[in-house]
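Please look through the sequence and the structure below before reading my points.

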Amino acid sequence: MINILLADGGLMMRAEILAPAGNREAFEAAFAAGADAVYMGLPKFGARAYAANFGMSEMKEVIHKAHLAGMKIYITMNTILEESEILEAAALAEEVSRAGADALIIQDLGLIHYLHHTLPEIELHASTQVSVNQPEQIEKLKQLGVTRVVLAREATLEEIKACKKAGLELEVFVHGALCISYSGQCQFSRIRYGRSGNKGSCAQPCRMEYTLLKNGKPVHASGTYLLSPKDLSILQDIPALQKAGVDSLKIEGRMKSPVYVYESVLKARKAQKGIHLSDQDIRELSLAYSRGFTRGHTFNKRGNDLMNSHSGSHQGIEIGKVVRISKDRIQVELSDDLHQDDGIRFDSERSSTGCRVNFLYGKDGRLKSSAKKGETVQIPFVKGVFNGARVLKTVDSLLEKEVKREVQQTKRQRSVHFELIADGADKPVLLRVLCGPYEAQIERMIAQNPVKRPTAEDDFIKQLSKTGNSFAKTKHIDVTILEPVFVPLKELNRLRDDVLDLLAKQILKPKEIDRKDYDFQINQVRQMPNLLEIQKPQQVINSTELNDDDNQNSKWTIISQFPIQNTHREASLSDQQGLVGVHLGEAPIVSGMNITNSYALAALLEMGYEGAILSPELSDEGRKEMIESFESRYHQKAPVILPVYGANQMMLMNHCPINTALKDGTRKECAECRKADYRLEGKDGKRAWLYGDPKCRMQVFDEDKVDHIDEIQSFKEQGIDSFLLSMSDEDKNQTRQVLERFSKHFEV
């Protein structure tokens with residue numbers, strides 16, 4: 001890394017610029033633009049299943065090219081895993097690490113735990129899917145061997161500074177798409193569309209249209225994309241992030257184009273140098289991909305400063321409006337330049353449709369290749385376009401060509417330092433080459449008695465500088481001639497090439513990885529309680545209100561994030577203490593961490609927790625395998641709690657669609673969500689209930705309830721003795737009925 005001189009005379013390390021690569025073309029764009037590192041996925045176990053991704057052979061080629069240029073490669077293995085997948089994922093992790101991958105980005109605590117104990121040399125990065133935004137959470141992850149944490153996008157600058165004090169490397173998103181839900185906490189796509197975001201198949205329901213309902217009636221909002229945030233861009237703030245201690249500046253976008261990757265890296269590097277991004281820079285970033293830009297949660301942006309309620313897709317830049325439509329032509333008045341082959345979108349309240357400009361006509365009807373701002377042009381008719389529609393440029397053909405040309409022409413080389421010593425005729429010439437931590441040298445008998453003119457120092461320097469198309473670029477050359485010699489240029493060139501080949505082998509030498517047996521042991525675990533999770537005071541039911549005379553309070557423990565009498569505290573993402581914690585705080589029982597395999601449960605026990613609430617993503621077969629494997633391996637019952645009733649929480653957002661629709665979204669603690677019944681209704685007619693938590697984070701609950709109470713005895717036979725009932729919008733009578741049913745089946 002390079003040191004940066006601060007205004008006060010101090011020094012700080014330059015953070016790496018980390019680029020996405022969903023395919024080889026995107027990698028080449030990141031390479032040419034000068035990224036310090038690239039993250040990419042394989043066909044399995046990556047959270048972008050629909051990216052092209054890399055096969056093992058191509059991945060090895062990419063690692064080879066990157067490492068010779070001093071660039072790092074991180075492999076994303078950031079999906080949650082069921083019991084049957086852990087060993088396969090671990091084997092793949094070992095294979096890619098032996099191939100030279102510099103680190104693995106992982107969400108699943110079980111995989112992190114298993115790799116930490118069996119392959120401790122592998123560098124492990126905790127994915128943003130782990131939702132880390134507090135230093136206490138990082139302290140826990142240290143125990144699993146994690147060396148870097150990719151912070152949640154919701155982390156503020158002050159939280160970033162606090163997290164840095166925990167001592168691990170920090171990776172922070174600086175550009176690209178935002179998830180409106182805390183990453184790892186989103187179940188929307190899985191529940192509604194059968195495509196799990198935590199398994200790489202998100203259907204992006206946040207980018208769809210919704211109507212806000214208050215007590216069943218539509219609420220007027222300025223737009224219909226109520227869950228769609230703008231794209232993050234805090235490139236201008238890179239100096240502040242580096243000063244806060246951020247080690248890696250991450251660009252989102254493994255599904256994005258090479259143009260997007262190239263432009264994002266280029267602008268990030270420019271901002272890192274302290275150069276203010278110009279209007280043209282912002283224009284190019286917008287053309288590459290943009291839903292509008294925001295400084296995001298990092299700088300406490302809320303409401304309309306955070307969200308784009310008018311669109312869930314790429315908007316580019318506005319370049320004009322439709323002024324006339326005929327049978328075969330659309331007439332556009334331009335406010336910016338337009339070229340043949342550009343991509344455009346016609347956007348109005350009635351429709352949004354796009355096309356490539358294959359044919360461009362002037363106002364006179366003649367074909368032309370380009371038009372300037374202020375001109376009126378015509379393009380062939382496109383269905384679904386209306387008078388007055390905004391015209392957006394979403395693809396700039398000239399920018400595409402320029403980036404393609406730069407990627408093809410850019411030659412990226414790594415600086416080397418040569419040291420040559422010539423002792424005299426008939427003595428070996430020593431050539432040493434140094435490159436960062438790497439070094440190679442060769443001694444060869446190529447020095448002769450000079451018959452005419454001896455080889456001068458400048459001759460040596462000239463030839464050693466000719467590294468051509470190799471990975472090396474000569475930065476400095478030291479030549480020591482103890483006695484005059486003559487060295488044939490052909491031999492000197494061969495010596496130079498051979499020592500560079502030897503250096504390349506040093507750089508590409510596979511890392512040493514010592515595989516150990518998994519021998520983790522756990523102490524005696526305690527029985528987990530039955531839990532009743534509530535949102536409202538009226539959901540607290542006393543035993544005297546039930547239909548039987550048993551002491552019902554002995555059957556469950558009531559928990560809530562709200563300060564409700566006779567409940568135990570349920571800690572939220574940022575709260576550290578409670579009986580149950582949504583994250584890695586000080587609560588003995590953990591929920592919200594997507595526990596789907598026995599190794600993940602062991603990871604929690606290793607960190608000092610007592611048990612966990614199982615993930616709703618866990619399949620029936622996966623649950624059986626997990627419970628059996630835990631008991632077989634650790635010789636005791638798994639300390640787990642199984643959710644058997646309730647509305648699944650589909651999202652947890654640091655955004656309030658209610659306040660944004662009614663006001664501007666900047667207010668906090670207005671409690672409007674608790675004054676009336678608010679729902680989101682999709683185009684498919686399905687609804688979701690909105691109810692903010694005590695920290696003003698919006699919970700989005702599925703309107704349909706999951707109900708497995710009748711299966712409790714079957715679950716007990718599988719080895720599960722503790723259960724969770726979750727109340728959302730239930731009233732007192734509904735809550736009572738659920739508890740009575742639970743009591744009957746639990747006691748059988």
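**Notes on two groups of strands**

1. In the hairpin formed by S35 and S36, with 4 residues between the strands, glycine 685 takes a positive phi near 85°. Strands here are DSSP runs (E, at least two residues), numbered from the N terminus, and two of them pair if DSSP finds at least two bridges between them.

2. This is a predicted model, in which local features need pLDDT of at least 70 and side-chain atom pairs count only at pLDDT 80 or more, while totals for chains, interfaces and linings use all residues. Residues are numbered from 1 along each chain as its sequence is written, and side-chain values use heavy atoms, with hydrogens and water left out.

3. Strand S36 (residues 687-692) pairs with S35 in the antiparallel sense over 4 bridges, and tyrosine 678 has leucine 690 of S36 as its bridge partner. S35 is also joined to strand S10 (residues 210-214) by 5 bridges, again running antiparallel, with glycine 682 in S35 as the partner of tyrosine 210.

4. Strand S35 (residues 678-682) is largely enclosed by the rest of the structure, because 4 of its 5 residues are buried, where buried means under 20% relative accessible area with a 1.4 Å probe, protein chains only.

How values were computed. Buried means under 20% relative accessible area, exposed over 50%, partly exposed in between (1.4 Å probe, protein chains only).
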